[in-house]
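Welcome! Here is a friendly walk through a structure, told in questions and answers.

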Amino acid sequence: MTYLFLENVSKSYGDKVLFERIDLQIVKGQKVALVAQNGTGKTSLLRLIAGLESGEGEGNVVELRKDIRVGYLKQEPDLNDKDTVTEAVFDSENVQIQAIKEYEEALLFPEKAEKMEAAIARMEDLKAWDVEARVKEILFKLNITEFDKKVGNLSGGQKKRLALAKLLIDEPEFLILDEPTNHLDLDMIEWLEGYLSQPSLTLFLVTHDRYFLERICNQIVELDGGKLYRYSGNYSDFLEKKATRHGNEAVEVEKAQKLFKRELEWIRRMPKARGTKAKSRVDAFDEIKEKAHTQVDKQEMQIDIKGARLGSKILEAHYLNKSYGDQVIVKDFNYKFRKKERVGIVGKNGVGKTTFLRMLTKQERPDGGKVVVGGTVKFGYYTQSGIQLKEDKRVIDVITDIAEYIPLERGHKLTATQLLERFLFDRKQQQVYASQLSGGERRRLFLLTVLMENPNFLILDEPTNDLDILTLNVLEDFLLDFPGCVIIVTHDRYFMDKLVDHLFVFEGDGKIRDFNGNYREYQAQKTEEERERKRLENEQKKRSQPNAPAVKKQQPSAEAKKAIKKLERTIAKLEERKKEIHESFSSGDLDPEAIEKLSVELGDIRKELEEQEERWMELVEEL
């Protein structure tokens with residue numbers, strides 16, 4: 001079943017051609033990722049597919065299947081600032097979500113028995129009780145808890161998470177996602193990864209998260225030079241097949257260049273009066289010329305900036321403490337940085353990672369303890385907020401305002417213009433006003449301004465947001481060779497695993513754990529620790545049970561079978577009572593007080609059912 005069909009679709013802005021006569025087809029169950037450099041048209045293509053922009057070109061076709069629900073997650077969410085979080089969540093055309101909304105409203109007015117009866121009847125008809133539990137899970141996993149807060153008072157990250165939650169709750173069959181992992185912490189990303197892996201979901205997404213591409217996608221399309229190239233498989237398959245394509249293209253271009261030289265000699269010798277055969281050869285010559293001048297080797301961003309000398313004393317944190325009201329950010333943190341350290345910082349959103357960085361750079365004072373910065377330390381601080389640019393500031397002016405040139409290795413210098421070219425800003429784009437740059441291009445420019453200060457201690461707070469994979473690859477190579485210290489806060493697990501030596505893990509209540517290893521190793525240890533914790537809890541439960549017969553140790557499976565049967569009887573009774581309450585609601589004979597009482601009991605039964613069913617699953621797994 002085809003969900004999306006594109007044919008002969010083109011798009012341009014002024015003289016800039018984003019893509020030309022591209023074709024694309026996505027069928028049910030496919031999980032397709034779009035890969036391209038910043039500013040080449042990824043978001044424009046998503047908007048075109050979602051119907052927010054129109055295609056160009058003769059005979060262009062953009063068709064979305066009419067009888068499916070489509071959900072589009074924009075980079076900048078489109079929410080009503082006057083709504084509360086609850087109103088935004090339930091603002092849906094999904095009939096089950098509407099039924100839950102009506103039921104929640106009925107609970108607020110138990111005296112209106114008819115409204116409650118109608119709401120319960122609709123919940124039953126649409127089988128919406130299980131959906132309510134799923135809604136709560138999604139909101140919990142994405143840390144959406146301030147339900148009475150106005151959307152206009154949320155941060156950009158909170159709005160993005162709310163928009164994502166709203167989209168997932170609606171359960172569209174076809175999801176179009178523009179950078180879905182931005183503003184999510186690592187736990188959220190891993191949960192989302194599992195959620196989107198469901199076989200029933202069809203995806204078309206843009207993401208720079210390479211683990212996401214590797215683990216979720218079964219097809220990758222690359223927008224390169226205005227053309228669309230398709231690769232079956234995940235990210236590692238894409239890398240392998242792209243390398244093969246570039247190799248084949250290089251061979252074809254070399255052949256075309258040789259033929260072009262021969263044709264050029266002929267075209268110069270021939271007389272002005274041309275016959276039909278000669279004219280066809282001239283037309284062919286134009287095609288050969290275009291192919292021969294194809295640039296196979298893409299321009300690569302080169303970073304070889306020389307870091308300032310770093311002395312023996314670098315950065316020391318002496319028993320730092322920081323709190324905001326009842327929230328403890330840092331408690332008795334003590335650490336001395338050594339040369340060439342690469343530290344990753346891990347923790348949930350809102351735990352205080354950015355505050356911690358601001359204390360280290362003395363932009364914020366601790367409540368207790370002190371920070372000592374070595375005399376030779378020169379920080380380069382890449383912040384989440386990015387760079388503030390004047391609307392009339394050109395790209396070249398942004399750089400020359402900092403310096404006309406920067407020092408390189410072996411005594412060389414690099415001018416501002418040359419540096420911009422190495423960061424993929426050609427001479428023409430350097431004259432563009434900074435306000436006209438895409439989000440990723442602005443981020444790249446901000447990164448350049450940080451490095452241009454010639455730092456020897458880099459602090460990167462979410463540097464991967466909005467950067468394309470090419471930029472990330474080059475930045476990673478630079479950081480691996482960087483002679484100074486690096487602290488990285490990022491939700492990009494691939495980026496962190498490739499770069500860091502150890503982690504500062506924010507575990508809550510001010511505790512910061514120093515873990516020797518990268519994020520993948522930390523996750524493996526965390527899983528093992530959780531398994532061990534559960535094992536100890538189970539042992540403790542067994543020891544705490546009174547008058548446990550000796551046979552229990554000898555025949556645990558027999559005891560487990562008895563417990564399972566007992567749980568099954570309990571679950572059956574709870575289900576029977578649940579059914580009785582639903583029948584009472586449907587009878588129409590209840591007064592408001594009885595409705596309220598039964599609603600409370602129904603909620604308790606659902607909670608107990610979940611607990612009993614979870615225990616039943618644990619015992620089955622033990623057997």
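**Strands, bridges and rings**

In this predicted model, strand β3 (residues 31–35) pairs with strand β7 (residues 202–206) in the parallel sense, over four bridges.

Q: Which residue of β7 is the bridge partner of Ala33?
A: Ala33 is one of the residues of β3, and β3 pairs with β7 in the parallel sense. The residue of β7 that partners Ala33 is Leu205.

Q: How many of the residues of β3 are buried?
A: Buried means under 20% relative accessible area. Strand β3 is mostly covered, and the count of its buried residues is five of five.

Q: How many salt bridges does the count come to?
A: Side chains of opposite charge can pair when their charged atoms come close. A pair counts when a side-chain nitrogen of Lys or Arg is within 4 Å of a carboxyl oxygen of Asp or Glu. By this rule the model has 37 salt bridges.

Q: How many residues apart are Glu222 and Lys242?
A: The side chains of Glu222 and Lys242 meet in a salt bridge, at 2.8 Å from N to O. Glu222 belongs to strand β8 (residues 219–224) and Lys242 to helix α9 (residues 235–269), so the pair links distant parts of the chain, with a separation of 20 residues.

Q: Is Glu222 buried or exposed?
A: The cut-off for buried is under 20% relative accessible area. Lys242, its salt-bridge partner, has 23% relative accessibility and so counts as partly exposed. Glu222 has a relative accessible area of 5%, so Glu222 is buried.

Q: In which helix does Glu529 lie?
A: Arg513 forms a salt bridge with Glu529, with the closest N and O atoms 3.0 Å apart. The two are 16 residues apart, and Arg513 is in strand β20 (residues 511–515), while Glu529 is in helix α18 (residues 519–544).

Q: How many residues apart in sequence are the parts that Glu601 and Arg577 tie together?
A: Glu601 and Arg577 form a salt bridge whose closest N and O atoms are 2.8 Å apart. Glu601 lies in helix α21 (residues 592–622) and Arg577 in helix α20 (residues 556–587), so the pair ties together parts whose separation in sequence is 24 residues.

Q: Which residues are linked with Glu193 in a network of salt bridges?
A: Salt bridges can also join into a network. Linked with Glu193 are Asp209, Arg215 and Arg493.

Q: Over the face of which residue does Arg215 lie?
A: Arg215 belongs to that salt-bridge network. Arg215 is also 4.5 Å from a ring centre, lying over the face of Tyr211.

Q: Over the ring of which residue does the charged end of Arg444 sit?
A: The charged end of Arg444 is 4.9 Å from the centre of a ring. That ring belongs to Phe425.

Q: What kind of aromatic pair do Tyr103 and Trp129 form?
A: The structure holds 21 aromatic pairs. In this one, the ring centres are 5.1 Å apart and the planes are at 80°. Planes over 60 degrees apart count as edge-to-face, so the pair of Tyr103 and Trp129 is edge-to-face.

Q: What kind of aromatic pair do Tyr382 and Phe446 form?
A: Tyr382 lies in strand β14 (residues 379–382) and Phe446 in helix α15 (residues 439–452), so the pair ties together parts 64 residues apart in sequence. Tyr382 counts as buried at 0% relative accessibility, and Phe446 counts as buried at 8%. With centres 4.7 Å apart and planes at 20°, the pair is stacked.

Q: How far apart in space are Thr86 and Phe147, C-alpha to C-alpha?
A: Thr86 lies in helix α2 (residues 85–89). Thr86 and Phe147 are 61 residues apart in sequence, and in space their C-alpha to C-alpha distance is 5.1 Å.

Terms used:
Residues numbered from 1 in each chain as written. Predicted model: local features only at pLDDT ≥ 70, side-chain atom pairs only at ≥ 80, totals over all residues. Heavy atoms only, no water. Buried < 20%, exposed > 50% of the residue type's maximum accessible area, 1.4 Å probe, protein only. Phe/Tyr/Trp six-rings, centres within 6.5 Å; stacked < 30°, edge-to-face > 60°. Lys NZ or Arg CZ within 6 Å of the ring centre and 35° of its normal. Pairing = 2+ DSSP bridges.
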